[in-house]
Amino acid sequence: MKILVCGAGVAGLSATLYLKRAGHEVTTLETGPKLRTAGGPVDVRGDALDFVKELGLWDEMKAHEVHMTDDMYFIDKDGKKAASFPHNAIKDSPDDLEIERVALIPILAREAGIETFRFGTTIESLDDRGNHVHVKLTDGTEDDYDLVIGTDGVHSLTRKLAFGRPEADFAHFLGVYVGFAPIGPTGPEGTPSVNFNTPGKLIGCVQSRDCEYAVMMFRSPQLSYDYRDPAAIRDIIRNTYTDDLWRTQEMVERSVNNDGLWMDEATQIKMDSWRKGRVFLVGDSAHCATPLSGRGVSIAISGARFLTMALNEFPNDIDAAYARYEELQRPYVDHAQATVYEGIGIVLPESYEEIDARNEMVRQMMSEA
Ligand SMILES: Cc1cc2nc3c(=O)[nH]c(=O)nc-3n(C[C@H](O)[C@H](O)[C@H](O)COP(=O)(O)OP(=O)(O)OC[C@H]3O[C@@H](n4cnc5c(N)ncnc54)[C@H](O)[C@@H]3O)c2cc1C
């Protein structure tokens, strides 16, 4: 099949890689001028670990493994340990792999074959003509495709164009914003990853392979801003973290002055169907579970795999292929989306009493009381 993939994040790179390996002719669009490697470490979990092994990428990914949450704890305003981070409670299996986006994205891109990518380009219009989709691109070119796959993330343009409905129709905002920024080299050997809470807010300093990251999570009503505008994101972070406790101001300044800063709202996308005609959605565009699930990468990979399997199984029946894709993928999505809620209470207590209660609960859980 001749396939257009729109968006070169984990879902788009995985889809490109699987589909090309299956013999399809794939063109991949990325709106940015290059691959977007900003952000922090992400998790590969559950069955996605087997899928990565099957792709032959396990050893390389394992070599880039980081252990951000292994030695992590909650601290008080003096920087003293208050309770461990209950990392076992959030893992799917002991094999769960943490890897920085800056390591993961280039591995997937190399395997996907970047020569067929078109950067700085997106879809201008989609015209589904039944047996193909006629697509106009922002670079002025147009072409026909057997299938268009929207992998352009939670704020998907492909979804908007194909379904003719705004993001708000599918979005379930969780009342939380999440951000990461690389802020400097890792601390000396043995430096733990630490998280500091004030009511409804968390700011942390987590150790990765070669660098440390600021992690920021906060409860908030939905904010009106352009999520693509780094200056707007910097303002939100500065206006949110105004207190002078612990190292908050230092962490904020280092974050907002780093180009690797990423922040977005924690919004789940819930759709009855990830398909409109010959346009299919894969990854966050279809079913964002939010970074709070720790499963966005895993379900992006599984979605790309299942879609490719389904197209192989039903090469001449797009309806049957879609049905198989959804049948295989939906249970992973339901699990990922359902698991975020308990985590929010643990990382973002809403008062000082709740922070104390959380610490006590975690100490009991980890037998530290
Ligand atoms: C810059 C960035 C940083 C992130 N950092 C973290 C993190 O630190 N922790 C975490 O848990 N999760 C993070 N995520 C989210 C996480 O990577 C995803 O949940 C998961 O990988 C599933 O990804 P996806 O490919 O479906 O969507 P995304 O990762 O959002 O990728 C979508 C891709 O499509 C591109 N795109 C968007 N619109 C268009 C368009 N109209 N046309 C063409 N291309 C388009 C984007 O530039 C991006 O490359 C980040 C995402 C991004 C984009």
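Analyst: Start with the contacts. This is a predicted model. A polar backbone atom of A11 lies 2.9 Å from an oxygen atom of the ligand.

User: Which side chains have an N or O atom 2.7 Å from a ligand oxygen?

Analyst: Look for N or O pairs within 3.5 Å. The side chain of E30 has an N or O atom 2.7 Å from an oxygen atom of the ligand. The side chain of R101 also places an N or O atom 2.7 Å from a ligand oxygen.

User: How much of the ligand does the protein bury?

Analyst: Compare the ligand alone with the ligand in place. Alone, the ligand exposes 920 Å². The protein buries 90% of that.

User: Which elements give two or more residues to the shell?

Analyst: They are α1 (10–21) and α10 (296–313). α10 gives the most, with three residues.

User: Which residues come nearest to the ligand, and what is the shell made of?

Analyst: There are 27 residues around the ligand, and E30, G40, R101, T122 and D284 come nearest. By class, the shell has 12 nonpolar, 10 polar and five charged residues.

User: Now the cysteines. How many disulfides are there?

Analyst: A disulfide is a covalent bond between the sulfur atoms of two cysteines. The search of the whole structure finds zero.

User: Is C6 buried or exposed? And C288?

Analyst: C6 is buried, at 3% relative accessible area. C288 is buried too, at 5%.

Terms used. Residues are numbered from 1 along each chain as its sequence is written. This is a predicted model: local features need pLDDT of at least 70, side-chain atom pairs count only at pLDDT 80 or more; totals for chains, interfaces and linings use all residues. Side-chain values use heavy atoms; hydrogens and water are left out. A disulfide is a pair of cysteine sulfur atoms within 2.5 Å. Buried means under 20% relative accessible area, exposed over 50%, partly exposed in between (1.4 Å probe, protein chains only). A residue is near a molecule or strand if one of its heavy atoms lies within 4 Å of it. A polar contact is a pair of N or O atoms within 3.5 Å; within protein, one must be able to donate a hydrogen and the other to accept it, and residues adjacent in sequence count only if both atoms are side-chain atoms. Accessible areas come from the Shrake-Rupley method with a 1.4 Å probe; for residues, only the protein chains shown count as cover. Helices (H or I, at least four residues) and strands (E, at least two) are DSSP runs, numbered from the N terminus. Ala, Val, Leu, Ile, Met, Phe, Trp, Tyr, Cys and Pro count as nonpolar, Asp, Glu, Lys and Arg as charged, and the others, Gly among them, as polar.
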